[in-house]
Amino acid sequence: MPHQELMIDAPSDPSAPEPTPGGPRLGTSPLRLADIVLIVMAAPVVCLLGAPVLGILAGAGVWVLNRVLELALARRAATREDVRAAIGYNLGGVIGRAWLVGLTILAVGTAGEREDGLAAAVLVFAAFTLYFANSLLARSFERNASPS
């Protein structure tokens, strides 16, 4: 069956909002930022409770950097008309960001003490767990809210 495109010259609902330039807004839901809020709020408290400061600060810093890079790469990929280029940005970003986090944890554990590396790893693991769960929930809500 051949693929057919539907072309619409005028919007069917004049009161409907215009599409935003550059595609959908990525990462603007408060639910999607819960991991960053957790990191920013928990890092000082955990440090005051006696956790290794170097590990906590490095873990928090690399996680926030990881999320900023994710949003930047997702926005760049969304502007690409070539699907292969968009997939390349997303795939390269996932692999590169995983290496960034892993090597940072390794460097902190080597430069400081093992407890620093462990603290960074635990912090990143907690943030990733919250991020992953929220991503699944947000995508579920987006699918249910969009008309089919």
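Along its sequence, the protein follows the pattern α-α-α-α, with four helices and zero strands in its secondary structure. Helices (H or I, at least four residues) and strands (E, at least two) are DSSP runs, numbered from the N terminus. This is a predicted model, in which local features need pLDDT of at least 70 and side-chain atom pairs count only at pLDDT 80 or more, while totals for chains, interfaces and linings use all residues. Residues are numbered from 1 along each chain as its sequence is written, and side-chain values use heavy atoms, with hydrogens and water left out.

- Of the 148 residues of the protein, 24% count as buried, where buried means under 20% relative accessible area, exposed over 50% and partly exposed in between (1.4 Å probe, protein chains only).
- Among contacts between residues at least 6 apart in sequence, 72% join residues at least 24 apart; contact means heavy atoms within 4.5 Å.

**Helix α2 and its packing partners**

- Helix α2 has 26 residues and reaches 37 Å from its first C-alpha to its last, close to the 38 Å expected at 1.5 Å a residue; the expected span is 1.5 Å times one less than the number of residues.
- The buried residues of α2 include Gly55, Ile56, Ala58, Gly59, Ala60, Val62 and Trp63.
- Helix α1 (residues 34-48) and α2 pack at an angle of about 170°, with their axes 10 Å apart. Axes are lines fitted to C-alpha atoms, for helices over the stretch in contact, and angles run from 0 to 180 degrees between N-to-C directions.
- Helices α1 and α2 are therefore roughly antiparallel to each other; angles under 35 degrees count as roughly parallel, over 145 as roughly antiparallel, 65 to 115 as roughly perpendicular and the rest as oblique.
- The contact of α1 with α2 involves, among others, Asp35, Ile36 and Ile39 of α1 and Ile56, Ala60 and Trp63 of α2.
- By class, the contact of α1 with α2 has ten nonpolar, no polar and two charged residues. Ala, Val, Leu, Ile, Met, Phe, Trp, Tyr, Cys and Pro count as nonpolar, Asp, Glu, Lys and Arg as charged, and the others, Gly among them, as polar.
- Helix α2 also packs with helix α3 (residues 83-111), at an angle of about 175° and with the axes 10 Å apart, and α2 and α3 are therefore roughly antiparallel to each other.
- The contact of α2 with α3 has 13 nonpolar, five polar and three charged residues.

**Surroundings of Trp63**

- Trp63 is found in helix α2 and counts as buried at 3% relative accessibility.
- Leaving aside neighbours within four places in sequence, Trp63 is in contact with Asp35, Ile39, Val124, Ala127, Phe128 and Tyr131.
- The C-alpha atoms of Trp63 and Val101, 38 residues apart along the chain, are separated by 7.2 Å.

**Aromatic pairs**

- The structure holds four aromatic pairs. Rings of Phe, Tyr and Trp (its six-membered ring) pair if their centres lie within 6.5 Å; planes under 30 degrees apart count as stacked, over 60 as edge-to-face and the rest as tilted.
- The rings of Trp63 and Tyr131 have centres 6.0 Å apart and planes at 70°, so the pair is edge-to-face.
- This pair links distant parts of the chain, with Trp63 in helix α2 (residues 53-78) and Tyr131 in helix α4 (residues 114-145), 68 residues apart.
- Phe128 and Phe132 form a stacked pair, 5.8 Å centre to centre and with 20° between the planes.
- Both Phe128 and Phe132 lie in helix α4, four residues apart, about one turn of the helix.
- Phe128 is partly exposed, with a relative accessible area of 39%, and Phe132 is partly exposed at 44%.
- One aromatic cluster is formed by Trp63, Phe128, Tyr131 and Phe132.
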